[in-house]
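Subject: Structure handover

Hello,

Here is the structure for you to look through. Please open it beside this email and follow along.

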Amino acid sequence: MANLATYRSNLAATLAAAGRVVYSYPNENITPPCIVLVPGSPYITVSAIGGARCHVRFDITAIVNAADNQAALANIETLIFSVTDLLANNISFLTGWSQPTVQQIGNAEMLISQLSIEMVTTN
């Protein structure tokens, strides 16, 4: 089976080219604006028993500070477009970006939006 840590790290490195902080796993402390890779659902789908290929899903979560509504929306839109432009050709978009919502992360309110992606892995 594929080494998923390598795939996750490579995806994080690709997204870091947007000039943002990228967390390759959900982190307790984040610094917005940032991108967080979260396992999707279903996380791993095996193509065939004993096969060398599987599909792995991640939710790419874009996060910005929500202190000012107008600025937060402009910031999340900028982050969304910069991330979308960087995604590799071997990634299939599963959904569009979710509607931005305000969520409490730690002790601060953040504006977030998510994109579910799928990667095909091999041994």
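Strands here are DSSP runs of E with at least two residues, numbered from the N terminus. With that numbering, serine 24 sits in the loop between β1 and β2. Is serine 24 buried or exposed? Its relative accessible area is 18%, and buried means under 20%, so serine 24 is buried. Setting aside residues up to four places away in sequence, serine 24 touches Arg8, Ala12 and Leu37.

Confidence

Keep in mind that this is a predicted model. The protein has a mean pLDDT of 87. Of its residues, 94% reach 70 or more. Confidence is highest in strand β1 (residues 21-23), with a mean of 95. Confidence is lowest in strand β4 (residues 91-93), where the mean is 76.

Two cis bonds

Look at the prolines next. The peptide bond from proline 32 to proline 33 is cis, with omega near -5°. Proline 33 belongs to the loop between β1 and β2. The bond from serine 41 to proline 42 is cis, with omega near -5°. Proline 42 is in strand β2.

Strand pairing

Now trace the strands. β2 and β3 run antiparallel and are joined by nine bridges. Valine 38 stands opposite aspartate 59 in β3. β3 also pairs with β6: 13 bridges join them, and the two run antiparallel. Across that pairing, threonine 61 faces glutamine 114 in β6. How many residues of β3 are buried? The number is 10 of 13, so β3 is mostly covered.

Glutamine 104 stands opposite glutamate 109 in β6. β5 and β6 form a hairpin with two residues between the strands. There, glycine 106 takes a positive phi near 65°.

An aromatic pair

Rings count as a pair if their centres lie within 6.5 Å. By this rule there is one aromatic pair. The ring centres of tyrosine 43 and phenylalanine 58 are 6.0 Å apart, and their planes are at 75°. Planes over 60 degrees apart count as edge-to-face, so this pair is edge-to-face. The pair links distant parts of the chain, 15 residues apart. Tyrosine 43 is in strand β2, and phenylalanine 58 is in strand β3 (residues 53-65).

Tyrosine 43 has 25% relative accessibility, so it counts as partly exposed. Phenylalanine 58 has 1% relative accessibility, so it counts as buried.

Helix α2

Finish with helix α2, residues 69-86. Does its length agree or disagree with what 1.5 Å a residue predicts? Its 18 residues should span 26 Å, and its end C-alpha atoms are 26 Å apart, so the length agrees.

Which residues of α2 are buried? They are Ala72, Ile76, Leu79, Ile80, Ser82 and Val83. These buried residues pack against α1 (4-16), β2, β3 and β6. Aspartate 68 caps the N-terminal end of α2. One of its side-chain oxygens lies 3.0 Å from the backbone nitrogen of glutamine 70.

Best wishes

How values were computed. Residues are numbered from 1 along each chain as its sequence is written. This is a predicted model: local features need pLDDT of at least 70, side-chain atom pairs count only at pLDDT 80 or more; totals for chains, interfaces and linings use all residues. Side-chain values use heavy atoms; hydrogens and water are left out. pLDDT is the predictor's confidence in each residue, from 0 to 100. Helices (H or I, at least four residues) and strands (E, at least two) are DSSP runs, numbered from the N terminus. Two strands pair if DSSP finds at least two bridges between them. Rings of Phe, Tyr and Trp (its six-membered ring) pair if their centres lie within 6.5 Å; planes under 30 degrees apart count as stacked, over 60 as edge-to-face and the rest as tilted. Buried means under 20% relative accessible area, exposed over 50%, partly exposed in between (1.4 Å probe, protein chains only). The expected span of a helix is 1.5 Å times one less than its number of residues. Contact means heavy atoms within 4.5 Å. A polar contact is a pair of N or O atoms within 3.5 Å; within protein, one must be able to donate a hydrogen and the other to accept it, and residues adjacent in sequence count only if both atoms are side-chain atoms.
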